[in-house]
Amino acid sequence: MSPSGEEWSPDSDLKRVAGNDPSLVVVDWKFKGIRDYEVFKLVEALRDNSHVTQLWLDGNKVSDLGANALSEILRRNATVTRLYLGGNNISDVGAKDLVGMLRLNATITTLNLASNHISEHLEEEANRLVETNRESSSLKDTRQHKASKQGNGEPLPWFKAPLFCSEFYAKLMEEDALTDSNIVFKISELVPLVEDVH
C-alpha cells in the first residue's frame, strides 16, 4: 500500500522506463512483492532506456528466471550502475547468470545478493567482478582486466541459460492466458526449450 492507501502497482514506473523518462533514474521496487513476471516487464521496458542507473529490487520474490532476464538486458546495458537483489529467491542458477553478465558488463559498480540461496564462491566471484568495475578507469580497461583474469585472453564464455531464458520469456509473452497474477503455459511446449540447453 502507498501512503495514500492505494495499492502499489509497477505500471507507472514501467511506462516511464519504457518512455526513457530522464527524471526516472532509480527504479525503487524494494519490498513490493515483485515476482519474475514484473521483472520480465521491467527488462522489456529497459531495452531502450538510457537514464535508469539503479534497480532496487530487494526483499521481493525474484527467482532464477528473473535474475536470468536481468542478466540478459544488463549484458548490453551501459547505464545501470547499481543492482540490488538482496532477500529474493535466487539460487546458484541465477547467480551463475549474474556472474556471466558481470564478465561482460563494465558499468555495474554495486551489487547486493545478500540473503538469497547463493553459494559463497559465486557471491565472491560476483563481488570480485563488481570490484573490478569499480576500480577501472574506462570500459576498455575493465574488459581487458577481466579478460586477463580469465588467463588466456580468449573471449569470456556465454552461459546457455540466457538463451533458454530468452526463449522462455518469449513463450511467456505470447501466451493469451498471461496475467499479472497468473502465468499459465503448457509444460509440453517448454520441454523442447529445456532440452536444447543440455
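Reader: Why is Lys 41 called partly exposed?

Author: The relative accessible area of Lys 41 is 22%. Buried means under 20%, exposed over 50%, and partly exposed in between (1.4 Å probe, protein chains only), so Lys 41 is partly exposed. The model is a predicted one, in which local features need pLDDT of at least 70 and side-chain atom pairs count only at pLDDT 80 or more, while totals for chains, interfaces and linings use all residues. Residues are numbered from 1 along each chain as its sequence is written, and side-chain values use heavy atoms, with hydrogens and water left out.

Reader: What makes the pair Lys 41 and Asp 11 a salt bridge?

Author: The term requires a side-chain nitrogen of Lys or Arg within 4 Å of a carboxyl oxygen of Asp or Glu. For Lys 41 and Asp 11 the N to O value is 4.0 Å, and the pair is listed as a salt bridge. Lys 41 belongs to helix 2 (residues 36-46) and Asp 11 to helix 1 (residues 11-18), so the pair ties together parts 30 residues apart in sequence. Helices here are DSSP runs (H or I, at least four residues), numbered from the N terminus. Asp 11 is partly exposed, at 34%.

Reader: How do you know that Arg 128 and Glu 125 are about one helical turn apart?

Author: The two are three residues apart in helix 5 (residues 120-135), which corresponds to about one helical turn. An α-helix has 3.6 residues a turn, so residues three or four places apart point the same way. Arg 128 and Glu 125 form a salt bridge, their closest N and O atoms lying 2.8 Å apart. Together with Arg 103 they are linked in a network of salt bridges, and the whole structure holds eight salt bridges.

Reader: Why is helix 3 called roughly parallel to helix 4?

Author: Helix 3 (residues 64-76) packs against helix 4 at an angle of about 5°, with axes 8 Å apart. Angles under 35 degrees count as roughly parallel, so helix 3 is given that description relative to helix 4. The residues of helix 3 that meet helix 4 include Ala 67, Ser 71 and Leu 74, and those met in helix 4 include Val 93, Asp 97 and Met 101.

Reader: What makes helix 4 mostly covered?

Author: Eight of the eleven residues of helix 4 (residues 92-102) are buried. Among them are Ala 95, Leu 98, Val 99 and Leu 102. Over the chain of 198 residues, 42% count as buried.

How values were computed
Axes fitted to C-alpha atoms, helices over the stretch in contact; angles between N-to-C directions. Parallel < 35°, antiparallel > 145°, perpendicular 65-115°, else oblique. Contact = heavy atoms within 4.5 Å.
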